[in-house]
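Me: I have a protein model open and some questions about it. Can we go through it together?

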Amino acid sequence: MSYAAADDSLVGRLRALEDKEALRTLMIRGWRALDRKDWRAWIGCWAEDAVLEFGPWEKTHGKEAVLAKVKAAESPYPSMQHHILNMDFDVEGDRATGIGYMWFVAVTAPGRTSSPYAMGGPYDWEFRRGPDGWLLVRQRLGVWWTSGEDTLHAFE
């Protein structure tokens with residue numbers, strides 16, 4: 001292999017690693033913002049034409065509609081933890097897909113010894129790179145399990 005070919009291969013591999021790290025950072029930054037209820041920081045991770053598909057809810061179209069739906073469901077919880085596990089991304093130019101697992105834990109009654117409400121399941125993402133970097137275009141989220149009681153009935 002010539003030096004030029006090796007360099008092109010190295011540059012391509014480095015670009016792929018940088019893209020995957022940018023996607024991972026986008027997701028972690030966004031979901032940490034959810035825990036802080038920083039709704040604008042969270043929705044800043046989404047494209048204008050975003051689509052949210054979540055188990056018990058109807059498909060939600062558009063960035064502001066996604067924000068309204070999630071904010072209405074999660075605002076009442078005194079505190080939350082969103083965990084994104086086993087993330088993996090595939091990048092092809094300015095498009096990417098990703099998968100991961102969700103583990104969501106919410107406090108429904110602060111100061112009580114009852115167990116919090118929790119749920120988990122698979123994430124399936126689609127991303128697009130724009131002038132300002134990567135944005136989430138579509139998120140599908142399935143619920144495989146729940147634990148505790150969702151006394152706020154936000155996820156029905």
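Predicted model: local features only at pLDDT ≥ 70, side-chain atom pairs only at ≥ 80, totals over all residues.

Me: Ok, is Gly-30 buried or exposed?
Reply: Gly-30 counts as buried, because its relative accessibility is 0% and the limit for buried is under 20%.

Me: What does Gly-30 touch, leaving out residues up to four places away in sequence?
Reply: Gly-30 touches Trp-42 and Cys-45.

Me: And how far apart are Gly-30 and Cys-45?
Reply: In sequence they are 15 residues apart, and in space their C-alpha atoms are 6.1 Å apart.

Me: New topic: aromatics. How many aromatic pairs are there?
Reply: The count is eleven aromatic pairs. One of them is Tyr-77 with Phe-104, where the ring centres are 6.1 Å apart. Their planes are at 75°, so this pair is edge-to-face.

Me: Where do Tyr-77 and Phe-104 lie?
Reply: Tyr-77 is in the loop between helix 3 and strand 3, while Phe-104 is in strand 4. The pair therefore ties together parts that are 27 residues apart in sequence.

Me: Buried or exposed, those two?
Reply: Tyr-77 counts as buried at 0% relative accessibility. Phe-104 is buried as well, with a relative accessible area of 1%.

Me: What about Tyr-101 and Trp-144, how are their rings arranged?
Reply: Tyr-101 and Trp-144 form a tilted aromatic pair, 5.9 Å from centre to centre with 55° between the planes. Tyr-101 lies in strand 4 and Trp-144 in the loop between strand 6 and strand 7, so the pair ties together parts 43 residues apart in sequence.

Me: How exposed are they?
Reply: Tyr-101 counts as partly exposed at 37% relative accessibility. Trp-144 is exposed, with a relative accessible area of 61%.

Me: Which residues form the aromatic cluster?
Reply: Trp-31, Trp-42, Trp-46, Phe-89, Tyr-123, Trp-125 and Phe-127 form one aromatic cluster.

Me: Last topic, cavities. How many of 30 Å³ or more are there?
Reply: A search of the whole structure finds one. The largest cavity has a volume of about 180 Å³.

Me: Which residues are closest to its centre?
Reply: Of the 17 residues lining the largest cavity, the closest to its centre are Val-70, Glu-74, Tyr-123, Gln-139 and Leu-141.

Me: Which element gives the largest share of the lining?
Reply: Strand 1 does, with three residues. Other elements giving two or more residues include helix 1 and helix 3.

Me: And what classes of residue line the largest cavity?
Reply: The lining has 14 nonpolar, two polar and one charged residues.

Note on methods:
Residues numbered from 1 in each chain as written. Heavy atoms only, no water. 1 Å grid on protein atoms, 1.4 Å probe; cavity = no way out; pocket = protein on both sides within 12 Å on 5 of 7 lines; lining within 4 Å. Points joined across faces, edges and corners; volume = space filled by probe spheres on them. Helix = DSSP H or I, 4+ residues; strand = E, 2+ residues; numbered from the N terminus. Nonpolar A, V, L, I, M, F, W, Y, C, P; charged D, E, K, R; others polar. Buried < 20%, exposed > 50% of the residue type's maximum accessible area, 1.4 Å probe, protein only. Contact = heavy atoms within 4.5 Å. Phe/Tyr/Trp six-rings, centres within 6.5 Å; stacked < 30°, edge-to-face > 60°.
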